[in-house]
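Hi everyone, thanks for coming.

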Amino acid sequence: MSVVSLTPNNVTRPLARVPSPTCHSHDAHEAHEAQPDTATCASPAGHIVATHHCRVLTHHAVNARYRYLRLQADAAVALTTRPGQFYQLKCPVTESEAPFLLRPMSVYGTGPEPDTIEFLYNVTGVGTRALATLTEGASLDIVGPLGNTFTLDTQWQRVMVVARGVGLATMAPLVQRAAAAGLRLTVVMSARSEADLMRDEFLRSPEARALADVHCVFDSDGSSAVEALEPRIRALLAAAPHDAVYTCGSHRLLMLLQRVLTAHPEITGEVAMEQRMACGMGVCLSCVRLFDCDGDKQFLRVCREGPVFAIRDVVGEVDFG
């Protein structure tokens, strides 16, 4: 393990509850910003950010579009990684692909061994095509953990998770944490078609499957269209009290939930943002998004102040005129 940076107090956040990510949630960490010549920084969650040398334990296709990758790291990454965080992966160079930048990838799971970590990804470009060539026993370097975490109060009763495509990988650890605490789950899963749906891969554990009320919608039959999905989500929120709503990735789902939550000010709403990024540590400023922080419009870095933000703070359309 190669240590990149360290905060003065190397402590992890409490497992039962983490602070709610807001526009100002990480101001205290600004003193630990990296200088441009170091290209490194500390994780907002207060963990050691390091380069971990890993061995590929398992790597296989889940379906026609998605692949599962399980790694054994040179450190106890399962003990320091929290739901919503991500790693930067150094994809291999192959005869046909030469990825230059590291690729950000959300954590799909950790453990049960303290040194194992899992990723679920869609093969879409140069980096993931190169990553798909890795065989069991091969080596791979990853940098992290990076970013902040979801808010989860174990005293809550029910939460809703709205997932689409590979965005489910980001929220899968959150689902397991909620299920372990005995929280009821309303799960809305969206996919292009039934063949792309990864219900078992999302719920994973018997506890989550027992606690989940699952609703599946698809592009193929029109049930995932906003005009069909919005009244369905409104009805689900009206049918049972919910303490929080989470989503990831899809901009249209984010905007849908932002509208829906205006009628439910008592519900916590959080989104794990997906954004193209280079360094993944807040130095390059390539992943900024616009947020409305109590009436003050601010550009924040998805990799550093996020990737988890309050749904209500996201500015959907940016007018630079």
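The model is predicted, so local features need pLDDT of at least 70 and side-chain atom pairs count only at pLDDT 80 or more, while totals for chains, interfaces and linings use all residues. Residues are numbered from 1 along each chain as its sequence is written, and side-chain values use heavy atoms, with hydrogens and water left out.

How confident is the predictor? pLDDT is its confidence in each residue, from 0 to 100. For the protein chain the mean pLDDT is 84, and 84% of the residues reach 70 or more. Over residues 2–21, though, the pLDDT is below 50, and this stretch has 61 contacts in the model beyond near neighbours in sequence. Residues 24–43 also have pLDDT below 50, with 42 such contacts. Contact here means heavy atoms within 4.5 Å. Where pLDDT is low, the predicted coordinates should not be read in detail.

Now the overall packing. Of the 321 residues in the protein chain, 54% are buried. Buried means under 20% relative accessible area, exposed means over 50%, and partly exposed is in between, using a 1.4 Å probe and protein chains only. If you take contacts between residues at least 6 apart in sequence, 73% of them join residues at least 24 apart.

Valine 49 lies in strand E2, residues 49–61, and valine 49 is buried, with a relative accessible area of 0%. Its C-alpha atom is separated by 7.0 Å from that of leucine 146, which is 97 residues away along the chain.

On to the aromatics. Rings of Phe, Tyr and Trp (its six-membered ring) pair if their centres lie within 6.5 Å; planes under 30 degrees apart are stacked, over 60 edge-to-face, and the rest tilted. That rule gives 4 aromatic pairs. In one of them, the ring centres of tyrosine 87 and phenylalanine 119 are 6.2 Å apart and the planes sit at 85°, so this pair is edge-to-face. Tyrosine 87 is in strand E4 (residues 86–89) and phenylalanine 119 in strand E7 (residues 116–122), so the pair ties together parts 32 residues apart in sequence. Both tyrosine 87 and phenylalanine 119 are buried.

Which helix is largely enclosed by the rest of the structure? That's helix H6, residues 251–260, because 7 of its 10 residues are buried. Those buried residues are Leu253, Leu254, Met255, Leu256, Leu257, Gln258 and Val260. What covers them includes E9, helix H5 (226–239), strand E12 (244–248) and strand E13 (268–272).

On a 1 Å grid over the protein atoms alone, a cavity is a set of points where a 1.4 Å probe fits but cannot get out; a pocket is an open set with protein on both sides within 12 Å along at least five of seven lines; and lining residues have an atom within 4 Å of a point. Grid points are joined across faces, edges and corners, and a volume is the space filled by probe spheres set on the points.

The largest pocket holds about 1,100 Å³ of space. Its lining has 38 residues, and Pro104, Thr124, Val166, Glu274 and Gln275 lie nearest its centre. The elements giving two or more residues to that lining are strand E5 (103–106), E7, helix H1 (126–131), helix H2 (167–180) and E10. E5 gives the most, with 4 residues.

The second largest pocket has about 280 Å³. It is lined by 16 residues, with Gly109, Thr110, Pro173, Gln176 and Arg177 the closest to its centre. Strand E6 (109–110) and H2 each supply at least two lining residues, and H2 gives the most, with 4.

And how many cavities of 30 Å³ or more are there? A search of the whole structure finds 3. The second largest cavity holds about 40 Å³. Strand E9 (158–164) and strand E10 (184–191) each supply at least two residues of its lining, and E10 gives the most, with 3.

That's my tour; happy to take questions.

Notes. pLDDT = per-residue confidence, 0-100.
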